[in-house]
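User: I have a new model open and would like to talk it through with you. Could you start with a single residue and work outwards from there?

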Amino acid sequence: MRVVFLGVGEAFDENNPNNAHLILSKTKLLLDCGYSVPVQLWKYNSNQSFLDAVYISHRHADHYFGICPLLTRMWEEKRSKPLTIICQKGLKKVIIKLLEIGYPGFPKKFKFKINFIEVKSGQTINFKELKLSFAPTRHTAYNLAIKVDDGKQKVCYSGDGDFTNKTEQLYHQADLVIHESYLFQKSVLGHSSVTKLIAMAKRNEIKCLALTHLQRAFRKKDLQKVKQRIKQEKVKIILAQPGKEYKF
Ligand SMILES: [Zn+2]
Ligand SMILES: [Zn+2]
């Protein structure tokens, strides 16, 4: 499996596209699709049939408002291959409505089938060669973190939110955990911090922790502090860079 950090920004960061990542196995899976993500994806690969599936972690615009341009361009580029959207229970009807709001009348013209898979906490599903598992974080909207297991590597992505006991179990001994780290140390409702995450990564023997979704002012002011802290730690931590591929 290969992983590309497509976007690493929080909701309103003018310098970084929204948090979203590509899982490249036999199956091509996009993790989250905020409003600035389609452009990142098209720059990476403009083929309308490239993606097999999209996972949406929660109902915030920086994680799913890109669905509308993404799918409408697939139609315009004459996609015929079915697309799967994996999301939490109840999100299917919201996404269908969003598609219609964005470009009224267009979803009816799509020549490709959209297969929805609605999942819940604690569930594991087989999607082609991948095993996908889900656990809730603590966020202002209900959010499910995901683990992708191809039989060789285990990659987890938090979506938004602080980790819970259930997400820690999901992340345990993962090869890569891509986690939102809003601030350095301070606890903020519904978000995690760099120091908390480092302690969690050690407890769970995580092989690499990739930090994303840093609050924009914190990213501007205190990035040096994060880099210094990363150097001091024995556990492998990286600051994910947009467009960069992760090397296992
Ligand atoms: Zn977010
Ligand atoms: Zn959010």
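Analyst: Let me begin with Ser80, which counts as exposed because it has 11 C-beta neighbours inside 10 Å, and 12 or fewer is the cut-off for that class. Please keep in mind throughout that this is a predicted model.

User: Where is Ser80 found, and what does it touch?

Analyst: Ser80 lies in the loop between helix 3 and strand 5. Leaving aside residues up to four places away in sequence, Ser80 touches Lys111 and Phe112.

User: And how far apart are the C-alpha atoms of Ser80 and Asn204?

Analyst: Those two C-alpha atoms are separated by 42 Å, and the residues themselves are 124 places apart along the chain.

User: Back to helix 3, then. Which of its residues are buried, and what covers them?

Analyst: The buried residues in helix 3 are Ile67, Cys68, Leu70, Leu71 and Met74. Their cover includes helix 1, helix 2 (61-64) and helix 4. Just after helix 3, Lys78 takes a positive phi of about 65°.

User: How do helix 3 and helix 4 cross?

Analyst: The axes of helix 3 (residues 67-76) and helix 4 (residues 91-102) come within 9 Å and cross at roughly 70°, which means that helix 3 is roughly perpendicular to helix 4.

User: Which residues meet there?

Analyst: From helix 3 the contact takes in Ile67, Cys68, Leu71 and Thr72, and from helix 4 it takes in Ile95, Leu98, Leu99 and Gly102. By class, the residues of this contact divide into six nonpolar and two polar, with no charged residue among them.

User: Is strand 5 mostly covered or mostly open?

Analyst: Strand 5 is mostly covered, with five of its six residues buried. On one side, strand 5 pairs with strand 4 (residues 53-55) in the parallel sense over three bridges, and Tyr55 has Ile86 in strand 5 as its bridge partner. Strand 5 also runs parallel to strand 6, to which six bridges join it, and there Leu83 has Ile114 in strand 6 as its bridge partner.

User: What about strand 1 and strand 14: parallel or antiparallel?

Analyst: Strand 1 (residues 2-7) and strand 14 pair in the antiparallel sense over three bridges, and Val3 has Tyr246 in strand 14 as its bridge partner.

User: Which strands does strand 8 pair with?

Analyst: Strand 8 pairs with strand 7 (residues 124-127) in the antiparallel sense over four bridges, and Phe127 has Leu130 in strand 8 as its bridge partner. In the hairpin of strand 7 and strand 8, two residues lie between the strands, and Lys128 takes a positive phi near 50°. Strand 8 also runs antiparallel to strand 9 (residues 144-149), with six bridges joining the two, and Lys131 stands opposite Asp149 in strand 9.

User: Last one, the overall picture: how many helices and strands are there, and how compact is the protein?

Analyst: The protein has seven helices and 14 strands. Its radius of gyration is 17 Å, close to the 18 Å that the globule rule gives for 248 residues, so the protein is as compact as a globular protein of that length. Taken along the principal axes, its C-alpha atoms fill a box of roughly 55 × 35 × 30 Å. Buried residues make up 42% of the 248 residues, and among contacts between residues at least 6 apart in sequence, 63% join residues at least 24 apart.

Technical notes: Residues are numbered from 1 along each chain as its sequence is written. Chains are lettered from A and ligands numbered from 1 in the order in which they are written. This is a predicted model: local features need pLDDT of at least 70, side-chain atom pairs count only at pLDDT 80 or more; totals for chains, interfaces and linings use all residues. Axes are lines fitted to C-alpha atoms, for helices over the stretch in contact, and angles run from 0 to 180 degrees between N-to-C directions. Angles under 35 degrees count as roughly parallel, over 145 as roughly antiparallel, 65 to 115 as roughly perpendicular and the rest as oblique. Two residues are in contact if their C-beta atoms, placed from the backbone, lie within 7 Å. Ala, Val, Leu, Ile, Met, Phe, Trp, Tyr, Cys and Pro count as nonpolar, Asp, Glu, Lys and Arg as charged, and the others, Gly among them, as polar. Two strands pair if DSSP finds at least two bridges between them. The radius of gyration is taken over C-alpha atoms; the globule rule is 2.2 Å times the number of residues to the power 0.38. A residue is buried if 20 or more other C-beta atoms lie within 10 Å of its own, exposed if 12 or fewer, and partly exposed in between; C-beta atoms are placed from the backbone.
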